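Me: I'd like to learn how to read a sheet in a model like this one. Can you walk me through it?

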Amino acid sequence: MKRLLACSPLAVALALAGCDGTATAPPLRPSFDAGGGQGLNLRAGGFGEGSLGAWKSQQGLPDNKGNGNFALYLQKLTATATNAAGFAVITGVEGQLFSDLSLSWLRRDGGHCGAGAPRWNVGVKGASLTDYRVFLGCVYADHSGDAPDGWKSDAFSHEEIVAQLLPDRVVAIGTTLPPDFAADIEAGTLTSLAIIFDEGTDTGPDFTGFVFLDNITVNTKTWTSPGDNGT
């Protein structure tokens, strides 16, 4: 995880700076988003070599609306060290209490589940006004939840999120972690939220470089397709 903490590949989407690597970020690819403007919205994209984030029809479970059977597809078909990523940025969570946060998705069999990808990047402003970023990697999720055949559940209840507040999974932006950072984060509010896929085809245990996600849930809001934006 230390590589992930040293340089987040989502420099464009989350306005991070100081990343190593020679890749530049091209315009975001179309992701067939619908709705938006009110409530919570999920926007997918990608940058760099071999990387993509987009909704794919007829690849997922039944949708809340229509018969598109969408799933969110994320890929990085290149080396992990390459500055590139597929991602999905969730907006509308800003200002919500970190203490209310729970996160989950369903992951289709055959896709990658590593320590760093797919992962949740959670931006938090602590009670001390320190800015933090919390990393919740797929492999650390609770995989015991119910899921249809061919899928796995990867869930972070709030208690499980708090259990991940370890020094190697949290950074304090522009400073070092204070001794009481876990309590400071728990008393804070959200500033950003994203799903990041930046582990490539050289990273195990599966070495696939891609994943399909569905039923992506933030607190009580669930995305089964791009049509769930803003509702």
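Reply: Start with burial: buried means under 20% relative accessible area, exposed over 50%, and partly exposed in between (1.4 Å probe, protein chains only). Strands here are DSSP runs of E with at least two residues, and helices are H or I runs of at least four, numbered from the N terminus. This is a predicted model, where local features need pLDDT of at least 70, side-chain atom pairs count only at pLDDT 80 or more, and totals for chains, interfaces and linings use all residues. Residues are numbered from 1 along each chain as its sequence is written, and side-chain values use heavy atoms, with hydrogens and water left out.

Me: Okay, so in what order do the six strands of the open sheet run?

Reply: In general, strands of a sheet pair through backbone hydrogen bonds, either parallel or antiparallel. Two strands count as paired if DSSP finds at least two bridges between them. Here the order is 1-4-10-6-7-9, with antiparallel pairing. Strand 1 (41-47) and strand 9 (170-172) are the edges, each pairing on one side only.

Me: Which residues face each other where strand 4 pairs?

Reply: Strand 4 (residues 85-91) pairs with strand 1 over seven bridges. Asn-41 has Thr-91 as its bridge partner, and Phe-47 stands opposite Ala-85. Strand 4 also pairs with strand 10 (residues 189-197), over five bridges; there Phe-87 partners Ile-196.

Me: Why is strand 4 largely enclosed?

Reply: Six of its seven residues are buried, so the rest of the structure largely encloses strand 4.
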